[in-house]
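Colleague: Hi! Could you walk me through this one while I have it open on my screen?

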Amino acid sequence: MREVLGFFAVPSLWPQLTLASGILCCLAAGMTRDVSAAATRVLGTASLVVALWMLLFTAKGPVGPLLGLDTLGLAWQILFYAGALPVFLSLEEDDEVPAALLLGACLGAGLLAASSSLLMLFIGLELMSLPAYLLVARLASPSAPLHEASVKYFFAGSLASCLFLLGMALHYTASGSLALGPAPGPMGQAALALMGAAALFKLGAVPFHFWLPDVYESCAPGLAGFLSTSVKSAALFLLMRLASLGPASALAASLPWVGALSALYGSLLALRQVRLQRLLAYSSVSHAGILVLGVGAWAAQGCEPASAAPLFFYGLVYLFMSNGAFLFLRHSGLSQRGDAAGYGKMRPIPAALFAVLLLSLAGIPPTGGFLAKLLVFWEAVKAGLYLPVAFAALASLVGLGYYLGLVRDMFFDEPKWRSSEPEAGAVEVLLWICAVGAGLLGVLPWIFSSMLGRLFS
Amino acid sequence: MLTALWALPALGGVLCLFTKGETSKRFATTVAAAMLGYTVWLSCVPYAPEAGVWGLVESGPAWIFGIRYQLALDGLALSLVWLTAFLTVVSFAASWRGAESGGFSAGFWSSFLFLEAALMGVFLSRDLFVFYVFWEATLIPMFFIIGLWGSEGRRHAAMKFFLFTFFGSLFMLVGLLALVTHYHAVSGVWTWDMGELAGANPTGLAGLLMFVSLIIGFGVKIPLFPMHTWLPDAHTEAPAAGSIMLAGVMLKMGVYGFIRVLLPVFPRLSWDLLPWLGGLACVNILYGSLCAMQQRDLKRLIAYSSVAHLGFCVLGVLSWTPEGVAGGSLQMLNHGITTGALFMMIGFLYERTHRRGLSDFGDLVTRAPWMTFFFGWAVMASIGLPGLNGFVGEFMCLAGMARALPLMAMVAAIGIVLSAAYCLPAYQTVFWGASTAGSVSSKVLDLDLREKVLVWLLCGIMLYIGLCPTPLLDALAPSVASLVADGFMP
């Protein structure tokens with residue numbers, strides 16, 4: 001009993017505990033018939049906000065043999081929880097289950113952030129993934145083939161889990177421990193490579209990306225935003241943890257190239273997409289590539305927590321950009337690329353907000369996307385990764401083709417159809433917040449540099 | 001005080017978005033006029049070049065990696081700030097009568113204010129990072145100006161413009177990053193300050209790569225051959241006011257980059273590669289002129305003539321002699337004013353007839369004598385008639401180059417002859433030639449009072465600079481002297 005109480009006295013885990021109690025409350029609220037779905041949504045949002053607020057007080061340090069919190073874990077929890085807020089606020093299902101599932105996925109990511117052993121990393125990963133599979137099935141868009149995406153996601157995720165488990169076993173054989181430490185010899189290298197492949201799977205980096213466009217395309221836009229921000233940040237965090245186990249390993253050495261290829265491949269395929277949600281999915285493959293390149297550069301410079309700030313900043317900006325872009329699809333009801341023609345002439349304000357997000361995704365100054373990309377590229381240049389950076393820069397240029405192409409279609413073409421009335425309320429407010437955030441992060445980075453400085457000091 | 005130069009138009013642009021119809025036009029014009037007044041006041045009252053080269057400096061807190069929000073104003077920057085503020089007013093006045101017909105008029109006016117803000121930022125920045133951000137920020141308003149309010153081929157032209165210049169900017173960014181990293185490796189200091197980096201002088205393969213990427217970045221904007229192909233499309237399809245800003249100010253950003261960044265930072269390489277770069281500038285002059293001769297569209301013709309004229313600017317600057325750099329800077333102003341006037345008058349013609357082809361007109365002198373007179377005036381300035389502004393600038397550029405590489409100057413001088421060879425026949429066909437069957441000359445009304453005042457103003461400035469360039473050259477002299485002081489010419 002005393003141990004249990006002692007556990008609660010550890011401020012490092014308060015956010016996770018908040019989320020866990022939030023899940024319980026949501027489920028309990030669901031059992032009583034008179035509590036409306038809106039109430040569970042408020043409950044879920046509140047627990048996320050409280051968890052975010054508690055991050056201010058959480059202390060770094062180890063908690064028992066399996067858990068512990070360090071700078072990276074603390075910083076990345078911000079991304080996990082904040083990335084989930086938009087989907088919460090834009091939920092439309094009339095039941096309480098999505099709220100509990102979403103909180104469950106966040107809790108998994110939170111545990112991932114606070115784990116100090118491979119075992120806990122795996123548990124966090126699974127706790128995050130299982131609710132995500134269910135959510136994709138539950139919040140599928142009406143036009144999608146029944147459960148196809150969810151099954152695909154489940155199988156791809158299971159494959160990733162298997163790879164991770166196999167890598168863990170090899171790691172244990174090589175080092176005799178499941179703690180986060182280096183494993184010697186070729187077996188250790190193989191272990192890292194397998195676990196790294198699992199993380200890349202979750203991240204949707206080439207060549208492990210094949211499941212991603214189908215999944216993102218067939219789930220509700222809000223959920224796609226969640227998958228591309230919170231879940232991807234968690235996968236990225238996992239990759240960073242693994243890379244820091246062996247900064248000189250084959251895995252770390254291959255990351256810049258995997259990243260550059262993903263960036264280029266995602267951009268090239270996005271060029272040809274006719275469905276907007278699929279286009280954004282490929283764009284997220286491309287952005288994941290740049291992040292992986294950043295992890296490679298970070299590893300090449302010795303995995304100092306302080307030098308992970310550019311990656312965090314990228315994640316933060318991407319949180320606004322990606323969530324905003326998916327929310328716009330929800331807000332406007334656009335699904336085909338051709339439908340975007342002339343949208344700016346029908347609804348100038350939402351179209352202008354989307355244009356800001358697109359320009360930011362394309363990385364054009366003075367938006368946040370530019371600064372984020374610049375900082376990551378710069379780290380890579382400092383690490384001497386010139387050629388991968390050149391590829392990634394080429395990918396940004398290709399990306400202009402569809403990001404800017406969409407802006408052109410929206411504003412320069414004549415509308416071919418009457419748009420439906422856009423959805424007002426929370427979605428609209430969130431769209432504003434995302435667009436303004438993505439813009440401001442580029443114009444006033446000074447505000448955030450002090451925050452980053454404090455986080456990574 | 002300097003921040004206001006870019007912040008006020010930006011703020012005006014935001015506010016303008018919330019206005020409608022006539023109000024937005026009046027509001028935007030008021031803001032632009034106020035900005036012009038502000039620049040004049042700034043250069044008369046607080047600006048004190050006697051105290052040093054930099055008349056005004058503003059510096060913010062340091063950010064990561066030595067990036068620091070820093071603005072500074074010297075004679076060179078001041079002249080371009082004037083040009084920006086002045087041409088913004090001119091382009092507003094030129095589009096007074098419904099140029100924003102594509103709809104969404106508030107957007108039209110506020111785009112120009114945003115463009116003004118970004119251009120001011122480019123010319124004021126002393127920190128290369130801030131410079132780059134403003135540099136890129138000019139693209140977005142121009143993209144919309146061409147794409148929303150341009151003529152038939154606007155959709156394609158806007159995209160081409162953006163992709164080309166963004167491609168160049170990527171190279172520039174990589175070059176700047178490499179330069180800053182190199183400087184850090186050498187001196188142990190992270191800095192993006194133009195003044196500090198001016199001592200870097202990287203050489204070897206790494207230096208060459210940085211040099212070339214910066215050339216691509218600046219060269220696309222100038223545009224330097226062979227990166228010029230976006231220009232004729234963009235200039236032709238943009239609305240008249242857009243062409244004025246594009247040719248009048250935006251092209252100057254590239255030359256400004258040469259003067260401010262490229263030559264001070266890479267003196268050694270610039271000198272070693274002078275024959276190549278000078279050769280490119282000569283190709284610009286000759287090839288641009290030859291292309292201009294073949295054009296059947298007035299706007300395209302003037303666009304190609306810009307390619308040629310900017311070649312002179314580059315040549316003067318490359319010589320890195322006091323007269324060459326001063327001449328190049330002066331020629332930037334001249335070209336801005338002359339080409340601005342030409343594009344404006346072509347805009348007036350287009351407003352009346354919706355045609356721009358040479359063969360669409362003829363015998364305009366009987367219909368529109370005033371327009372004929374002023375167009376002739378601007379054409380004379382453009383071909384460098386002594387007594388008008390073009391002559392002074394081109395002469396100084398050539399004089400500078402003659403000291404560095406005499407042969408190059410001789411080749412470039414052919415361009416002056418060529419400029420007469422493409423401008424005069426076009427002028428003759430449109431204004432003096434016989435009216436052909438498909439001519440729309442009968443629809444052309446002569447300039448009204450507003451237009452006359454505008455054109456008088458521009459032509460007066462051409463004459464003034466042509467007869468009495470000393471005040472302007474005096475304003476430029478301290479900054480030119482400090483730039484060229486540690487020049488590289490043996």
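This is a predicted model: local features need pLDDT of at least 70, side-chain atom pairs count only at pLDDT 80 or more; totals for chains, interfaces and linings use all residues.

Colleague: Good to know. What is the mean pLDDT of chain A?

Modeller: The mean for chain A is 86, and 94% of its residues reach 70 or more.

Colleague: And which elements of chain A have the lowest and the highest mean pLDDT?

Modeller: Helix H1 (residues 2-8) of chain A has the lowest, at 59. The highest, 93, belongs to helix H12 (residues 276-300) of chain A.

Colleague: On to the contact. How many residues does each chain give?

Modeller: Chain A contributes 18 residues and chain B contributes 25 residues. On the chain A side, the elements that give two or more residues are helices H15 (348-362), H16 (368-382), H17 (386-412) and H19 (445-455).

Colleague: Which of them gives the largest share?

Modeller: That is H17(A), with seven residues. By type, the chain A side that touches chain B divides into 15 nonpolar, one polar and two charged residues.

Colleague: Switching to chain B: is helix H18 mostly covered or mostly open?

Modeller: Mostly covered: 13 of the 16 residues of H18(B) are buried. Its length agrees with expectation too, because at 1.5 Å a residue, helix H18 (residues 389-404) of chain B should span 22 Å and its end C-alpha atoms are 24 Å apart.

Colleague: How do strands S1 and S2 of chain B run?

Modeller: Strand S1 (residues 56-62) and strand S2 (residues 68-73) of chain B run antiparallel, joined by five bridges. For instance, Val57(B) has Ala72(B) as its bridge partner in S2(B). The two strands form a hairpin with five residues between them, and Phe65(B) in the turn has a positive phi of about 55°.

Colleague: Which other residue in chain B has a positive phi?

Modeller: Trp320(B) has phi near 55°, and this residue is not a glycine. Trp320(B) sits in the loop between helix H14 (298-319) and helix H15 (322-353) of chain B.

Colleague: Why does Trp320(B) count as buried?

Modeller: Because Trp320(B) has 25 C-beta neighbours inside 10 Å, and the cut-off for buried is 20 or more.

Colleague: Last topic, the prolines. Where is the cis peptide bond in chain A that ends at Pro366(A)?

Modeller: That cis bond runs from Pro365(A) to Pro366(A), with omega near 5°. Pro366(A) lies in the loop between H15 and H16 of chain A. In chain B, the bond from Ile222(B) to Pro223(B) is cis as well, with omega near -5°.

Technical notes:
Residues are numbered from 1 along each chain as its sequence is written. Chains are lettered from A and ligands numbered from 1 in the order in which they are written. Two residues are in contact if their C-beta atoms, placed from the backbone, lie within 7 Å. Helices (H or I, at least four residues) and strands (E, at least two) are DSSP runs, numbered from the N terminus. Ala, Val, Leu, Ile, Met, Phe, Trp, Tyr, Cys and Pro count as nonpolar, Asp, Glu, Lys and Arg as charged, and the others, Gly among them, as polar. pLDDT is the predictor's confidence in each residue, from 0 to 100. The expected span of a helix is 1.5 Å times one less than its number of residues. A residue is buried if 20 or more other C-beta atoms lie within 10 Å of its own, exposed if 12 or fewer, and partly exposed in between; C-beta atoms are placed from the backbone. Two strands pair if DSSP finds at least two bridges between them.
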